[in-house]
Amino acid sequence: MSMLPLEQLLRKNILQLRPYSCARNEFQGQASVYLDANENPYNAPYNRYPDPLQRELKDRIAAIKGLRPGQIFLGNGSDESIDVLFRAFCEPRVDNVVAIEPTYGMYKVAADINDVTYREVLLDENFQMDAEKILAACDENTKLIFLCSPNNPTGNSLNREEVLKLLDQFEGLLVLDEAYIDFASEPSMMSRLDEYPSLVVLQTFSKAWGSAAIRLGMALASESIVQALNKIKYPYNISLPTQQQAMKMLDAAPEVQEWVESIRQERDRLSKALSELRLVKHIYPSDANFLLLRVSDANRLYAVLVEQGIIVRNRNNVSLCLGCLRITVGTAGENDILLQALKAMD
């Protein structure tokens, strides 16, 4: 089964939308005098509006990721990409989306904000999905399926064969959130964008690139999907300082890879040390930069750690995560402080 034509998936008003044309859309290139955008002539370069399509930055990202610049949408964090996908493809009070549970909470928040029905399909006891169950939750008004792999908060990668089943059989868009893919052993699915025109891959500068503060997310997709998202984003959604800092991080790509390898090694060391504690009942396999562990008393451990200035995430109230804490892998020193505190409670 192939994807429905994009014209049938897009909301009719978005398909017919004539997007706002800003000054920097109408003129591209270099000039000596800019009198077109009502900018203050002082305080260069911050007095000028940034490139609304972030062309230079996209060229750099495309070269690193082996993509075409037209396959890249940049948003204010991945959350903007998620929201724009809802606004482009989901008719409020008519359409619905399907997602796994547990998973990243912003998919449901975005659905609620956009008044779109959100259908959850529970993972199994190993935090794996069943493609047939997800397809069974879909109907003719299901426009998007959201998958997070490696998944948050569980840490595991989803079975690739099950993901491919959905791509082969679902007529809408499959949104695959790969925020943590750099820490996984499996490669990204972005190399298969041309093979699967219904695939949208979300990635971010917040995790491996160590740049959560600049709020820069990427939606990687076909040129036609990216063009649709560009129609409805705010004109200058990525600031100049964000674009500049992202360029600096791309220049530091070899160092970033060293960070990733260090975090992987610390993840393994931390997992081994935690497994030796009696208060830790189970540590779930992780392909991310965090560990999900079931402990003897999640609420008490969380409270005691907070008293000592050590902040982890209490996932005790999340589906399938009863009694669980989620612990981000820090530096060796930070991890040692955590282990010392837990050993004192063991």
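This is a predicted model: local features need pLDDT of at least 70, side-chain atom pairs count only at pLDDT 80 or more; totals for chains, interfaces and linings use all residues.

I take contact to mean heavy atoms within 4.5 Å. Residues are numbered from 1 along each chain as its sequence is written, and side-chain values use heavy atoms, with hydrogens and water left out.

**Entry 1, S222.** I found S222 in the loop between β7 (217-220) and α9 (223-232), helices (H or I, at least four residues) and strands (E, at least two) being DSSP runs numbered from the N terminus. Leaving aside neighbours within four places in sequence, S222 is in contact with G70 and P197. I count S222 as buried because its relative accessibility is 14%; buried means under 20% relative accessible area, exposed over 50%, and partly exposed in between (1.4 Å probe, protein chains only). The side chain of S222 also makes a polar contact with the side chain of S224, at 3.1 Å; for this term I require a pair of N or O atoms within 3.5 Å, where within protein one must be able to donate a hydrogen and the other to accept it, and residues adjacent in sequence count only if both atoms are side-chain atoms.

I next looked up D139, which lies in the loop between α7 (131-136) and β4 (142-148) and counts as partly exposed because its relative accessibility is 30%. Residues up to four places away in sequence not counted, D139 touches N96 and R119. A polar atom of the D139 side chain lies 2.8 Å from the backbone nitrogen of N141.

At the start of α8, a side-chain oxygen of N159 comes to within 2.8 Å of the backbone nitrogen of E161.

A nonpolar core is a set of buried Ala, Val, Leu, Ile, Met, Phe, Trp, Tyr and Cys residues joined through side-chain atoms within 4.5 Å. The largest has 49 residues, and those with the most contacts inside it are M129, I134, I145, L147, L166 and F205. I also recorded a second, separate core of 34 residues, which includes A88, Y107, V200 and I232. Not counting residues up to four places away in sequence, I134 touches V98, I100, V121, M129, I145, L147 and L166.
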